[in-house]
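Hi,

Here is the structure I promised to pass on. Have a look at it first, and my notes follow right below.

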Amino acid sequence: MAGGETVGRAGGAAHIRSFVRRQGRLSNAQQRYHEQMMTRIGVPYRATAVDLDLLFGRQAARILEIGFGMGETSAAIAAAHPETDYLGVEVHTPGVGSLCKLVAEMGLTNLRIVQHDAVEVLRDMLPPASLDGAHIFFPDPWPKTRHHKRRLLQPPFVALLVSRLRPGAYIHCATDWEDYAQQMLAVLSAESLLENTAAGFAPRPAHRQPTRFEERGLRLGHGVWDLLFRRRQDSLQAEDHRQDQLA
């Protein structure tokens, strides 16, 4: 998909995609595990709400991860918390194949994958108040000023994401670009249905294990900023009022 275009569907709001579709190099193992595992743990995109209890075969806390890269952190978190279900969303096939390989090797049963645009997955597939948390780790920073509009963390996206969170559910973001961290902090702080769990940026929560790329960056003196916000417990009435105003 060419970068920068505005896309949408009939009956749905258009949006500027925060990614460029690029195949990248797909290893033989990634291709093999993608073919084998996506028939088992893949969730095809469709413009209708998913029954998450049916999808995972149980009732449990549900965490969404947007843009899981090569999947190392996703697999480690899912392995450490077998009592929780995880839904990963990623568009790039090498990363999806890599996570499929980890799921198979680690025998994970609490992780599913949607290979599709996260905005459309949120909008069309996830019911309101169905999530207990969302992870957005190191999204594309789009560093050039003219590309900032393509950054994922924008007010309309945050409002959509919050509508899919239960009261008390959390959003955990992390980035190694300071100006993007400041934008994230401003956008999340401006969302009236959220509250910051820290006075500004948060210490890295234990569930986000640092990646090899991150550890290398820290050794080189690069910063990493975590943000941890929660949906207000009293936010359902406020959201109903917001929807009435938009109607």
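Phe138 is partly exposed, with 27% relative accessible area (buried is under 20%, exposed over 50%, partly exposed in between, with a 1.4 Å probe and protein chains only). You'll find Phe138 in the loop between β6 and α6 (155-163), and its phi is near 55°, a positive value in a residue other than glycine. For background, most residues other than glycine have a negative phi. Ala129 also has a positive phi near 55°. Ala129 sits in the loop between α5 (118-125) and β6 (131-137) and is partly exposed at 29%.

Before you go further: this is a predicted model, where local features need pLDDT of at least 70 and side-chain atom pairs count only at pLDDT 80 or more, while totals for chains, interfaces and linings use all residues. Residues are numbered from 1 along each chain as its sequence is written, and side-chain values use heavy atoms, with hydrogens and water left out.

Now to strand β4 (residues 84-89). Helices (H or I, at least four residues) and strands (E, at least two) are DSSP runs, numbered from the N terminus. In β4, 6 of the 6 residues are buried, so the strand is largely enclosed by the rest of the structure. Thr84, Tyr86 and Gly88 point one way from β4, with Asp85, Leu87 and Val89 pointing the other way.

What does β4 pair with? Strand β3 (residues 61-66) pairs with β4 in the parallel sense over 6 bridges, and so does β5 (residues 111-114) over 4 bridges (pairing takes at least two DSSP bridges between the strands). Among the bridge partners, Arg62 goes with Asp85 in β4, and Tyr86 goes with Leu111 in β5.

β3, helix α3 (residues 72-80) and β4 make a right-handed β-α-β unit, as do β4, helix α4 (residues 93-106) and β5. Right-handed here means that, with the strands pointing away from the viewer, the path from the first strand over the helix to the second runs clockwise.

Next, charges over rings (NZ of Lys or CZ of Arg within 6 Å of the ring centre and within 35 degrees of the ring normal). Arg151 lies over the face of Tyr180, at 4.5 Å from the ring centre, and Arg208 over that of Phe137, at 5.9 Å.

Last, the cysteines. The disulfide count is 0, taking a pair of cysteine sulfur atoms within 2.5 Å as a disulfide. Cys100 is buried at 0% relative accessible area, and Cys173 is buried at 0% as well.

Cheers
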